[in-house]
Amino acid sequence: MNICVIFGGKSGEHEISLISAASIVRGLHENNKSNNVILIGITKEGKWYLQSDEEYKRICETPDSVLTITEKSENAVTIIPGGKKQSFCVNGKSLDIDVVFPALHGTYGEDGTIQGLLDMADIPYVGCTTLASAITMDKEKTKMIWQSVGLPVVPYVCMKRFVMLDSVLYDAFIESAEEELGGYPLFVKPCCAGSSNGAAKAKNRKELSFALMEAFMWDDKVLIEKSINAREIECSVTGNSVTFPADDDVENVVAYIPGEILPTHTFYDFDAKYNDPEGAALQIPANLSENDLEKIRKTACAAYKVLDATGLSRVDFFIDKDTNAVYLNEINTLPGFTSISMFPKMCEAAGLEFPALVQLLLDEAIARYNSKNKLITSR
């Protein structure tokens with residue numbers, strides 16, 4: 001099978017993608033050494049370049065190595081809409097690709113943009129559809145959909161940039177938010193950024209003002225959420241929530257063993273997730289009763305299905321330490337695949353080893369593509 005792994009990207013999570021993609025490449029190699037893996041790196045400026053076979057060999061032969069992106073003009077990638085397996089071209093020659101594994105995070109990676117591009121190219125790819133990716137990238141829209149079907153979310157308000165730019169509107173909004181959310185502390189996060197980029201905890205109005213200024217550097221919409229004295233629980237989910245038949249092991253929606261994040265930082269921020277090896281402990285399974293673990297798994301499946309998610313996602317929860325109330329926090333449709341990432345670890349705890357997980361995701365991508373191709377698009 002010819003598998004194209006795309007990594008890097010014009011995103012605040014560019015460096016994390018390089019690590020995730022390296023893990024995926026090693027998983028592909030370990031699962032089936034006959035796989036032909038094609039590497040395409042996207043720079044922070046958004047330019048696409050084919051990477052050498054030597055880079056692939058280096059990653060496979062050197063555990064814990066990280067992918068790099070070599071920029072050579074003769075290896076620039078172009079894309080032909082509707083080209084199917086020959087959609088990607090380099091220096092006038094097409095690359096023969098059976099399926100794409102986008103090892104991308106955040107903006108231009110899991111927000112529906114590359115998914116739409118691959119749909120136009122008419123080539124199978126791992127992960128959620130264009131629509132589901134776009135919706136789940138927007139934390140406000142995701143919460144609105146969950147609320148519409150009665151799923152629990154942390155109380156929040158959403159500020160848009162036009163409010164931030166008008167001092168009268170801003171003051172009134174802040175006063176209303178403080179009253180509605182019960183005062184400080186409050187959490188601030190951009191609606192469409194990942195890995196806690198631009199997120200902060202504010203203990204008073206002055207800190208809230210600074211946190212909002214930082215968050216608006218990442219997005220035009222910002223969430224302000226009620227602070228919960230919370231335990232952080234996560235659950236991996238795979239499958240196709242739209243078309244899966246009950247007896248299909250590839251497309252069936254499955255929630256794996258929930259885990260718990262035990263952060264040593266003020267909250268589970270970017271540094272705790274990726275830069276500090278001691279930033280958090282990971283406990284799998286989470287220290288919950290069997291009934292509560294099952295409740296998390298069922299809620300994760302419900303949250304996944306109502307968003308029409310496909311392929312994979314990590315569904316994140318808060319459990320209030322004071323009341324034991326369970327809240328959905330967010331969903332990540334292309335979660336981290338690094339050596340310390342929770343998504344593959346939770347799958348592994350349920351018996352799905354990393355190479356088998358990678359193969360499952362490829363099989364699901366092709367099954368979804370084949371199902372979609374049976375639909376009528378014109379007469």
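Predicted model: local features only at pLDDT ≥ 70, side-chain atom pairs only at ≥ 80, totals over all residues.
View 1. Residues are numbered from 1 along each chain as its sequence is written, and side-chain values use heavy atoms, with hydrogens and water left out. The C-alpha trace spans about 60 × 55 × 50 Å along its principal axes.

**View 2. Val5 and Phe101 in the largest nonpolar core.** Of this core's 32 residues, these two touch the most other members; a core here means buried Ala, Val, Leu, Ile, Met, Phe, Trp, Tyr and Cys residues joined through side-chain atoms within 4.5 Å. Elements giving two or more residues include β1 (2-8), α1 (14-31) and β7 (99-103). Beyond its neighbours within four places in sequence, Val5 is in contact (heavy atoms within 4.5 Å) with residues including Ala21, Leu28, Ile40 and Phe101. Apart from this core lies another, of 30 residues, with Tyr156 and Leu328 among them.

**View 3. An open sheet of 3 strands, ordered β4-β5-β6.** Pairing is antiparallel, and two strands count as paired if DSSP finds at least two bridges between them. β4 (77-79) and β6 (93-94) sit at the edges with a single partner strand each, so one side of each has no neighbour in the sheet. β5 (residues 88-90) pairs with β6 over 2 bridges, and Val90 stands opposite Lys93 in β6.

Key: Buried < 20%, exposed > 50% of the residue type's maximum accessible area, 1.4 Å probe, protein only. Helix = DSSP H or I, 4+ residues; strand = E, 2+ residues; numbered from the N terminus.
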